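Let's take a walk through a protein together, one piece at a time.

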Amino acid sequence: MLTIGDFARASRLSAKALRRYDELGLLPPARVDPFTGYRYYAEEQLERARLIAWLRGIGMPLAEVGRVCALYAADAAGAARAIRGYWSRVESETAARRDLAASLVDRLRGPTEMTDEMTDGTTDGMADEMTDEMTDGTADETADETADGTSGGTAGRPAFVLRTAVRLDRGLVRAAQQDAAHAGPHLLAVADGYGPEGARAALAAVGALEAVPPPAPSARAGDVLNALEDAVRAADGAVSGLAESGTTLTAAVWTGGRLALAHVGDSRAYLLRDGAFVRLTRDHTVVQALVDAGELDPAEAADRPDRALLLKALDGGDAAPEPELGVHETRPGDRYLLCTDGLSAVAPADDIRRALAAGVGPEEAAEALVALARERGGPDNVACVVADVVPA
């Protein structure tokens with residue numbers, strides 16, 4: 001038997017931590033002296049103690065540490081998979097925070113700079129070219145407009161509005177429609193439900209977002225993002241109680257000059273600007289986390305059988321997932337697409353870009369995108385929203 005001091009030195013855990021883990025039932029001592037209360041540990045407990053120390057070293061919460069330790073006792077390979085899954089979530093959340101930080105940096109540089117971050121390799125540097133265009137040539141084009149998209153000579157009347165279209169399609173394989181979408185003058189949203197109550201989950205999530213009030217043209221970006229984040233939490237609450245079901249959610253709020261974006265899951269938002277096609281969201285999936293970590297080539301991701309395994313979704317659990325947030329400056333002529341993976345997972349990005357750039361209105365573009373998914377077998381439900389920034 002080892003005293004708590006000796007065991008602490010051998011395991012690299014403090015005596016205080018050992019007492020805490022005892023209270024939680026995570027690492028109880030082998031024996032406690034009934035008279036003195038001293039704790040004694042067996043040498044065989046060192047392996048578990050060191051595992052706990054390592055797991056805490058990577059930031060794993062105590063509740064998950066307990067589950068991994070219990071799994072390790074019966075299935076070491078299963079414990080390894082659990083650790084891999086946890087770290088994939090960490091990397092995905094870190095990537096989302098990195099994107100938000102980049103968005104904030106660009107936002108503070110000035111109202112005419114674009115905040116879009118590239119999330120995959122499909123656009124070959126177009127985001128940088130688009131940013132250069134905006135910082136080099138936009139000032140003259142928008143000299144008579146304020147930063148929030150209102151015209152300086154029309155008493156605050158919006159200079160630009162969104163012209164939108166929404167399409168839902170069950171596809172050619174699925175028996176039911178579990179996607180939902182909304183396209184209004186200030187709110188765009190798509191949701192992809194899953195599980196036996198997936199349709200109700202998607203509708204509930206989109207319905208919760210519809211409660212976001214139209215922001216004033218002069219609204220601060222931070223206030224709009226806060227309102228959007230609160231709405232996502234409300235959407236997660238609306239999904240609560242739907243057994244083994246949940247939904248993705250990608251939503252955008254239009255202020256007249258900016259688009260505030262919130263995203264959870266693997267539905268997507270894209271921007272088409274001057275022929276360049278940029279993805280504005282990052283998939284919250286295990287496969288995307290592997291790509292971000294350099295462990296999987298992006299070209300191989302689409303063929304993975306686990307490509308739809310989500311790291312984040314709205315499922316009404318104990319803690320609502322933190323959405324990926326961003327603010328994007330808009331320009332007249334911009335075309336935005338929000339879609340579920342019934343489109344993005346089956347149609348190559350180049351085909352989606354061509355359908356959006358065909359010179360037709362939002363209604364025709366949305367119809368073309370649904371047809372594109374059907375041409376490739378229509379294996380899943382499709383929801384898509386197309387929105388153009390046009391003069392008021």
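Helices (H or I, at least four residues) and strands (E, at least two) are DSSP runs, numbered from the N terminus. Before going further, note that you're looking at a predicted model, where local features need pLDDT of at least 70, side-chain atom pairs count only at pLDDT 80 or more, and totals for chains, interfaces and linings use all residues. Residues are numbered from 1 along each chain as its sequence is written, and side-chain values use heavy atoms, with hydrogens and water left out.

How many of the 392 residues are tucked away? The share that counts as buried is 50%, where buried means under 20% relative accessible area, exposed over 50%, and partly exposed in between (1.4 Å probe, protein chains only). Now take contacts, meaning heavy atoms within 4.5 Å. Among those between residues at least 6 apart in sequence, 66% join residues at least 24 apart.

On to the helices. Two packed helices are described by the angle between their axes and the distance between the axes. Axes here are lines fitted to C-alpha atoms, for helices over the stretch in contact, and angles run from 0 to 180 degrees between N-to-C directions. Start with helix H1 (residues 4-11) and helix H2 (residues 15-23): their axes come within 9 Å and cross at roughly 100°. H1 and H2 are therefore roughly perpendicular to each other; angles under 35 degrees count as roughly parallel, over 145 as roughly antiparallel, 65 to 115 as roughly perpendicular and the rest as oblique. From H1, Ile4, Phe7 and Ala8 meet Ala15, Leu18 and Arg19 of H2. Sorted by class, that contact has five nonpolar, no polar and one charged residues. (Ala, Val, Leu, Ile, Met, Phe, Trp, Tyr, Cys and Pro count as nonpolar, Asp, Glu, Lys and Arg as charged, and the others, Gly among them, as polar.)

Next, find helix H7 (residues 198-209) and helix H8 (residues 221-239), which pack at an angle of about 150° with their axes 8 Å apart. That makes H7 roughly antiparallel to H8. Where they touch, Ala201, Ala204, Ala205, Ala208 and Leu209 are the H7 residues, and the H8 side includes Leu228, Ala231 and Val232.

Time for some sheets. Three strands form an open antiparallel sheet in the order E1-E3-E2; two strands pair if DSSP finds at least two bridges between them. Two bridges join E2 to strand E3 (residues 39-41), and Arg31 has Tyr40 in E3 as its bridge partner.

Another open sheet has five strands, in the order E4-E14-E13-E10-E11, again with antiparallel pairing. Its edges are strand E4 (160-169) and strand E11 (276-279), each pairing on one side only. Within this sheet, strand E13 (residues 335-339) and strand E14 (residues 382-391) pair over five bridges, and Leu337 stands opposite Val386 in E14. Helix H12 (residues 349-356) packs on the sheet, touching strand E10 (268-273), E11, E13 and E14.

Helix H13 (residues 362-375) lies across E4, E13 and E14, running at about 30° to E4. Let's finish with one of its residues, Leu372. Is Leu372 buried or exposed? With a relative accessible area of 11%, Leu372 is buried. Leaving aside residues up to four places away in sequence, Leu372 touches Leu343, Ala347, Asp351 and Ile352.
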